[in-house]
Amino acid sequence: HAAKRTGAAAVRWSPALDERATDAARLGAELRAALDASQFRVVYQPIVELPLGRVKAVEALVRWEHPYRGLVSPAAFIPVAEQNGLIVELGDWIMRTACRRLARWRAELGPAAPERVSVNVSAKQLARPGYAATVAAILADTGLPAGCLAVEITETAVFEGGPAVVALHELRELGVRIALDDFGTGHSSLGLLQTVPVHTLKVDKSFVDNITASGRHAVIAEALIRISSGLGLSAVAEGVETAEQAAALSRLGYRYLQGYHFGRPVADPDFELVRALAAA
Ligand code: C2E
Ligand code: MG
Ligand code: MG
Ligand code: MG
């Protein structure tokens with residue numbers, strides 16, 4: 001078995017690799033069946049606004065309720081869905097489900113509803129011709145105003161350039177907001193801000209994790225909030241797990257926080273409870 005010679009990146013064959021390939025193929029087929037059998041769910045995690053802890057927005061996160069393996073993490077199946085192309089259909093279903101959900105909250109809760117739902121979109125979806133038109137059709141069908149939707153993209157996704165960047169400009173034209181996810185962890189994050197229309201930076205959990213223990217982490221978190229406000233963008237800190245982290249982020253100037261401290265992703269968040277938690 002001849003490994004492709006690509007210098008340092010050469011991958012050598014191993015039995016484990018073959019096994020992994022078979023696993024991925026099997027998983028890919030299972031995902032197709034799971035979509036047909038309606039085994040996917042969307043859960044929503046609050047993004048709160050300080051100082052009051054109002055739920056400003058929610059992030060939509062997909063779950064796979066496997067009949068006997070239980071809940072399967074998106075980290076395990078999104079990459080496979082991206083590889084076999086199912087992400088296009090699955091992603092459209094997630095987008096439609098999330099938009100319909102917020103439209104219903106708006107009808108039921110009025111001004112107490114979150115202002116926006118934020119949906120993760122993969123590079124494969126963005127790069128497909130007509131993606132913005134698909135989103136426009138979903139907004140029209142569900143009756144959700146474009147300003148109530150944000151798409152979350154990763155730096156690596158857009159780094160590939162080309163059609164994905166065109167789609168982002170079209171989405172912005174529609175009035176959809178664009179958030180750069182896991183900000184600070186990818187390549188060329190700062191350079192991207194010059195070419196991609198972005199409204200929001202989602203500062204990665206890794207910068208939040210040790211913010212109370214490490215001066216270096218706090219310095220980076222502070223630099224990121226300065227960049228975002230200097231560019232007129234909003235910043236969300238991801239993965240806030242403790243009241244101490246929330247307080248430290250607040251002192252640095254962060255107004256939007258997301259994490260287990262405020263609420264885990266669930267099917268139907270109790271927005272009042274989130275507010276009480278933030279006040280505690
Ligand atoms: P992400 O978009 O950065 O989402 C944040 C992840 O962090 C979520 O994991 C969320 O449950 C988790 N999280 C939130 N707060 C905390 C916290 O305080 N502590 C810890 N330890 N974790 C926290 P999840 O739902 O497992 O999703 C993982 C990743 O899978 C997402 O990262 C996103 O990249 C991808 N993903 C999830 N749903 C979708 C989707 O609908 N479409 C696409 N394309 N990707 C998705
Ligand atoms: Mg996200
Ligand atoms: Mg994120
Ligand atoms: Mg993240």
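Select V117. Leaving aside neighbours within four places in sequence, V117 is in contact with Y44, V58, A60, A98, L102, L144, C148, L149 and A150. Contact here means heavy atoms within 4.5 Å.

A note on what you are viewing. This is a predicted model, in which local features need pLDDT of at least 70, side-chain atom pairs count only at pLDDT 80 or more, and totals for chains, interfaces and linings use all residues; side-chain values use heavy atoms, with hydrogens and water left out. Residues are numbered from 1 along each chain as its sequence is written, while chains are lettered from A and ligands numbered from 1 in the order in which they are written.

Now widen the view to the core. V117 joins M95, Y254 and L257 as the residues with the most contacts inside the largest nonpolar core, which has 81 residues. Such a core is a set of buried Ala, Val, Leu, Ile, Met, Phe, Trp, Tyr and Cys residues joined through side-chain atoms within 4.5 Å. Colour helix α3, residues 87-109; this helix gives the most to the core, with 10 residues. Helices (H or I, at least four residues) and strands (E, at least two) are DSSP runs, numbered from the N terminus.

Next, pick C148 and C99. What separates their sulfurs? The distance is 9.3 Å, too far for a bond. C99 is buried at a relative accessible area of 0%, and C148 is buried at 7%. Buried means under 20% relative accessible area, exposed over 50%, partly exposed in between (1.4 Å probe, protein chains only). The whole structure has zero disulfides, a disulfide being a pair of cysteine sulfur atoms within 2.5 Å.

Go to strand β8. Strand β7 (residues 200-203) pairs with β8 in the parallel sense over four bridges. Find K202, opposite V236 in β8. On to β9 (residues 256-258): two bridges join this strand to β8, and the two run parallel. Here A237 has L257 as its bridge partner. Strands pair if DSSP finds at least two bridges between them.

Finish at the metals. Show ligand 3, a magnesium ion. Which residues coordinate this ion? D181 (OD) and E238 (OE) do, at 1.6 to 2.0 Å. D181 sits in strand β6 (residues 177-183) and E238 in the loop between β8 (234-237) and α11 (243-252), 57 residues apart. Donors are N, O and S atoms within 2.8 Å of the metal (3.2 Å for Na, K and Ca); water is not among the atoms, so sites may look incomplete.
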